[in-house]
Amino acid sequence: MGALPVFRWRLAPDGYATRRQLRALGLRPGGQDVAAQIERPRRRRGPLVAYLYRIDQAKPVRPMTPARRAALAKANAARRRCPSCRRDAGYVIPTALGTCVPCAYPGPHGPEGSTRHEQR
C-alpha cells in the first residue's frame with residue numbers, strides 16, 4: 001500500500017467522509033482501509049489528522065437488537081453505580097474520582113448526611 005493522499009482541512013473531495021460523518025449518514029466503514037487523511041494545521045504543534053473513508057464502500061450501520069440494547073443499558077447502569085455506597089448516583093461516576101461525589105468528598109456527617117445524594 002502506498003502513501004495516503006493528504007488533503008488540507010475542509011478541502012477533501014466529495015466521496016470521502018470521517019467516521020462521524022459516515023455515522024451521521026447511517027453508515028460505517030465496514031472493514032475498508034483508510035482511503036485518505038485531512039490535516040488541520042496548528043500553531044506550535046503538529047497538525048490535527050482525521051482519517052477519511054470512501055462513502056461508496058461504506059456499509060449500513062447494523063441495527064440495534066433487543067439483546068444489544070439490554071447489554072448497553074446494563075453497562076450504562078454499572079457506570080452510574082457507586083462502588084462504595086452501591087447506590088445509583090444518577091450520573092456517570094467520574095473515573096478520576098472512582099466513586100460518587102458524596103463518597104469522594106464526604107460532608108461532616110459522611111456520605112449519608114449529604115442532602116444531594118438521595119436513595120434510588
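What is the volume of the largest pocket? About 240 Å³.

First, the ground rules. This is a predicted model, in which local features need pLDDT of at least 70 and side-chain atom pairs count only at pLDDT 80 or more, while totals for chains, interfaces and linings use all residues. Residues are numbered from 1 along each chain as its sequence is written, and side-chain values use heavy atoms, with hydrogens and water left out.

The chain has three helices and six strands. Helices (H or I, at least four residues) and strands (E, at least two) are DSSP runs, numbered from the N terminus. Read from the N terminus, the order is β-β-α-β-β-β-β-α-α.

Some totals for the chain. There are 120 residues, and 21% of them are buried. Buried here means under 20% relative accessible area, exposed means over 50%, and partly exposed is in between, with a 1.4 Å probe and protein chains only. The accessible surface comes to about 9300 Å², and carbon and sulfur atoms hold 52% of that. Those areas come from the Shrake-Rupley method with a 1.4 Å probe; for residues, only the protein chains shown count as cover. As for contacts (heavy atoms within 4.5 Å), take those between residues at least 6 apart in sequence: 50% of them join residues at least 24 apart.

Now the sheet. Four strands form an open sheet in the order β1-β4-β5-β2, and the pairing is mixed. β1 and β2 are the edge strands, each with a single partner, so one side of each has no neighbour in the sheet. Two strands count as paired if DSSP finds at least two bridges between them.

Going across the sheet, β1 (residues 6-8) runs parallel to β4 (residues 36-42), with three bridges joining them. Within that pair, Phe 7 has Ile 38 of β4 as its bridge partner. Next, β4 pairs with β5 (residues 45-54) in the antiparallel sense, over six bridges. Last, β2 and β5 run antiparallel and are joined by two bridges; Tyr 16 stands opposite Arg 54 in β5.

Next, backbone angles in the loops. Most residues other than glycine have a negative phi. Which residue in the hairpin of β4 and β5 takes a positive phi? That is Arg 44, with phi near 65 degrees, in a hairpin that has two residues between the strands. Arg 44 is exposed, at 85% relative accessible area. Arg 10 is not a glycine either, and has a positive phi of about 70 degrees. Arg 10 sits in the loop between β1 and β2 and is exposed, with a relative accessible area of 75%.

Leu 11 is in that β1 to β2 loop as well. Is Leu 11 buried or exposed? Exposed, at 59% relative accessibility. Leu 11 and Glu 39 are 28 residues apart in sequence, and their C-alpha atoms are 9.7 Å apart.

One more loop, between β3 (27-28) and β4, holds Gly 30. At 24% relative accessibility, Gly 30 counts as partly exposed.

On a 1 Å grid over the protein atoms alone, a pocket is an open set of points where a 1.4 Å probe fits, with protein on both sides within 12 Å along at least five of seven lines; lining residues have an atom within 4 Å of a point. The volume is the space filled by probe spheres set on the points, which are joined across faces, edges and corners.

The lining of the largest pocket includes Trp 9, Arg 10, Leu 11, Tyr 16, Ile 38 and Leu 52. Two elements, α1 (19-24) and β5, each give two or more residues to the lining. β5 has the largest share, three residues. By type, the lining divides into eight nonpolar, two polar and two charged residues. In this count Ala, Val, Leu, Ile, Met, Phe, Trp, Tyr, Cys and Pro are nonpolar, Asp, Glu, Lys and Arg are charged, and the others, Gly among them, are polar.
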